[in-house]
Amino acid sequence: MKPGVVFGQDYQTLIKACKEGGYALPAVNVVGTHSVNAVLEAASKNKSDVIIQVSNGGAQFFAGKGLEDSFAAKVLGAITMAQHVHMMAEHYGICVVLHTDHADKKLIPWIEELIAHGQSFYEITGKPLYTSHMVDLSAEDIDYNLMESARLMKLMAEMETSIEIELGVTGGEEDGVGSDEIDNDKLYTQPEDCLKAWELLNPIGHFSLAASFGNVHGVYKPGNVKLRPEILKNSQELLEKTHGTEKNPYDLVFHGGSGSDKSQIEESLGYGVFKMNIDTDTQFAFAKGVGDYVFANDVAFKHQIDPASGEPQKKKYDPRAWIRKGEEAIVARLDEAFADLKSAGKTLAIRDDGN
Ligand SMILES: [Zn+2]
C-alpha cells in the first residue's frame with residue numbers, strides 16, 4: 001500500500017494483516033501537532049502502521065481553548081487534526097488510520113457534523129476525512145445502541161468510512177465519557193450482544209467492535225482491574241459457530257490499554273484484537289519528559305538571564321527545546337507499545353523508492 005492515510009478496503013486489508021499476523025496497532029490520542037508528529041515519528045522509526053485518534057476534548061484543544069463556541073471548536077479541531085495528518089502522514093513512510101474516540105449520546109451531533117464535513121472532503125479529494133468514527137452508546141440500552149449506530153453507519157459507508165461501536169462498558173472515564181460507578185456485569189460484554197450487532201451491522205458496511213472484558217480507562221494499582229480476555233474468545237466462537245464464518249470474524253478494539261498486563265495484551269492479540277487504545281501512558285510520558293527538563297533547568301523557567309551567572313537562558317526556554325523533550329518521551333513510550341503489540345517492522349506501506 002502507499003504510505004499515508006488508509007480507508008475503506010485498504011483499512012480492512014490492514015486489519016486482516018494485523019489479525020493474521022497476530023499483532024495490533026496502537027491507537028494514540030493526540031491533542032496538538034506536537035503529539036501527532038511524535039506518533040508519526042515513532043511509527044516511522046518502528047516501521048509500524050499506526051492509528052491516530054482524537055477525543056472530543058482533544059479536538060477542542062486542537063482548535064484552541066480560547067474559542068468561545070466549544071461545540072464548533074470540537075468540530076473544527078477534529079477537522080484540522082485530520083488535515084494535518086492527511087498532509088504529513090505519507091512523508092513518514094507508513095500507513096495511518098485516522099479515528100475519533102468515544103462519542104456518547106450527547107456527542108452524536110459532533111459525529112454528525114464530522115460526517116457532513118467528511119462528505120464534502122470526500123467529494124473534493126475522493127478520500128474520507130476520517131478512516132473510522134467511534135460511536136459509543138454502550139451506556140444506552142442495546143437496541144438503541146445498535147439502531148442509532150446503524151443509522152450513522154449508513155451515512156459513513158457512503159464515503160468509505162468505517163465505524164467502531166462499543167458493547168458493554170469500559171470502566172473509568174475518558175474525557176467526560178463514562179463513569180467510575182458501573183455494575184460489574186456491564187464491564188463484561190455478552191457474546192449474544194456481539195452476535196446481534198454483527199447481524200445488524202455487517203450487511204451495512206465495515207465496523208469494529210470495542211467489547212468490554214474488564215478493561216478500564218486510566219492506570220490503577222495492580223490487582224484493581226480484572227481482565228478476562230476469554231470473553232473475546234467466546235464472542236468470536238459464538239459467531240463462528242452460528243454463521244460459519246472464518247476464525248476471529250470480529251475486528252476487536254482494546255480500550256484502556258494503558259497500564260495493562262503484558263501477558264493479557266498478548267492473549268488478546270490471539271482473539272482478533274487489532275487496535276489497542278493508549279492515552280494515559282503517553283500523556284504521562286509527555287508530562288515526565290517536559291517535567292524532567294524543567295526541573296533540571298529551573299532557572300530558565302524563572303529568569304531570562306541567570307541572576308547568578310549572567311548567562312542568557314533563551315536556548316533553554318525556547319518552546320522547541322522543552323516541547324521536544326515531551327515528544328521524545330512519547331516516542332520512547334511508543335517504542336514499547338509497538339514491541340508489546342508486535343507491530344514493529346510490519347508496516348504494509350511501500351514507498352515509491354521500494355522501501
Ligand atoms: Zn476508550
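Which residues have the most contacts inside the largest nonpolar core? The legends below take up this question and then turn to other parts of the structure. This is a predicted model, in which local features need pLDDT of at least 70 and side-chain atom pairs count only at pLDDT 80 or more, while totals for chains, interfaces and linings use all residues. Residues are numbered from 1 along each chain as its sequence is written.

**View 1. The largest nonpolar core has 94 residues.** Those with the most contacts inside this core are Val 39, Ile 52, Val 96, Leu 209 and Leu 252. Helix α4 (residues 70-88) gives the most to the core, with seven residues. A nonpolar core is a set of buried Ala, Val, Leu, Ile, Met, Phe, Trp, Tyr and Cys residues joined through C-beta atoms within 7 Å; a residue is buried if 20 or more other C-beta atoms lie within 10 Å of its own, exposed if 12 or fewer, and partly exposed in between, with C-beta atoms placed from the backbone. Helices (H or I, at least four residues) and strands (E, at least two) are DSSP runs, numbered from the N terminus.

**View 2. Strand β6 (residues 162-167) is largely enclosed by the rest of the structure, because six of its six residues are buried.** Ser 162, Glu 164 and Glu 166 are buried on one side, and Ile 163, Ile 165 and Leu 167 are buried on the other. Strand β5 (residues 132-135) runs parallel to β6 and is joined to it by four bridges, two strands being paired if DSSP finds at least two bridges between them. Parallel pairing also links β6 with strand β9 (residues 207-211), over five bridges, and there Leu 167 stands opposite Ala 211 in β9.

**View 3. Met 153 has its place in helix α6.** This residue counts as buried because it has 22 C-beta neighbours inside 10 Å. Leaving aside residues up to four places away in sequence, Met 153 touches Ile 163, Leu 201, Ile 204, Gly 205 and Phe 207, where contact requires that the C-beta atoms, placed from the backbone, lie within 7 Å.

**View 4. Helix α10 (residues 280-296) has 17 residues.** Asp 281, Thr 282, Ala 285, Phe 286, Gly 289 and Tyr 293 are buried in this helix. Seen down the axis of α10, its buried residues fall within an arc of 145°, so they line one face of the helix; the arc is that of the directions from the helix axis to the C-beta atoms. The face turned away from the buried side of α10 carries the exposed residues Ala 287 and Phe 295, whereas the cover over its buried residues includes β2 (25-29), β11 (273-278) and α12 (319-340).

Definitions and conventions
Expected span 1.5 Å × (residues − 1). Contact = placed C-beta atoms within 7 Å.
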